[in-house]
Amino acid sequence: MSPAPRRSLLAGLRGLLADGLELVRTRGALLVVEYEEEKARLLRLLAWGAAALILLAAGLVFSAVFITVLLWESNRLLALGVFSALFLGGGFIALNLAMAACRPRSRAFDASLNELAEDQAALRGTPRP
């Protein structure tokens, strides 16, 4: 009679180990998916930001040159001063917006961390609010 309980205990331990490994594999897969999503979002942000920066800078420079040449005979110094102030003001505004965009809105891998916390609470037998 002793071999049957021993065999069922071993089978139970194997099942528990298999379930634990499956849990780790699933959480790892979720972590990889979140990493890939975050990487794609950052690359998209960098690409569109670089394109916008280049096109807007070229447009501003050509506009400033056009208006300065247009006003060359009458108010060239005023035109150059106004454009310098506009460019510097726009640069400071863009710098402030860039610094605000660098502040994290949500934690990276938040879903994975929440799932792991729920797993830990379930293993301890305490429900997580």
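Arg27 sits in helix H1. Its relative accessibility is 18%, so Arg27 counts as buried, the cut-off being under 20%. Beyond its sequence neighbours up to four places away, Arg27 touches Ser112, Glu115, Leu116 and Asp119.

This is a predicted model. The chain's average pLDDT is 82, and 90% of the residues score at least 70. Where pLDDT is low, the predicted coordinates should not be read in detail.

**Salt bridges**

Side chains of opposite charge can pair when their charged atoms come close. The whole structure holds three salt bridges.

| Pair | N to O distance | Relative accessible area |
|---|---|---|
| Arg25 and Glu22 | 2.7 Å | Arg25 52%, Glu22 39% |
| Lys39 and Glu36 | 3.7 Å | Lys39 37%, Glu36 39% |
| Glu38 and Arg41 | 3.0 Å | Glu38 32%, Arg41 37% |

Arg25 and Glu22 are three residues apart in helix H1, so about one helical turn separates them. The spacing of Lys39 and Glu36 is three residues in helix H1, again about one helical turn. Glu38 and Arg41 also lie three residues apart in helix H1, about one turn. Arg25 is exposed, whereas Glu22 is partly exposed.

**A nonpolar patch**

Leu31, Tyr35, Phe109, Leu113 and Leu116 form a nonpolar patch on the surface. Together they have about 430 Å² of accessible area. Helix H1 (3-70) and helix H3 (110-124) each give two or more residues to this patch. Phe109 lies in the loop between helix H2 (72-102) and H3. Phe109 is partly exposed, at 31% relative accessible area.

How values were computed. Residues are numbered from 1 along each chain as its sequence is written. This is a predicted model: local features need pLDDT of at least 70, side-chain atom pairs count only at pLDDT 80 or more; totals for chains, interfaces and linings use all residues. Side-chain values use heavy atoms; hydrogens and water are left out. Patches are made of residues with over 30% relative accessible area and no salt bridge: like charges are joined within 9 Å, nonpolar side chains (Val, Leu, Ile, Met, Phe, Trp, Tyr) within 5 Å. Accessible areas come from the Shrake-Rupley method with a 1.4 Å probe; for residues, only the protein chains shown count as cover. A salt bridge is a side-chain nitrogen of Lys or Arg within 4 Å of a carboxyl oxygen of Asp or Glu. Helices (H or I, at least four residues) and strands (E, at least two) are DSSP runs, numbered from the N terminus. Buried means under 20% relative accessible area, exposed over 50%, partly exposed in between (1.4 Å probe, protein chains only). pLDDT is the predictor's confidence in each residue, from 0 to 100. Contact means heavy atoms within 4.5 Å.
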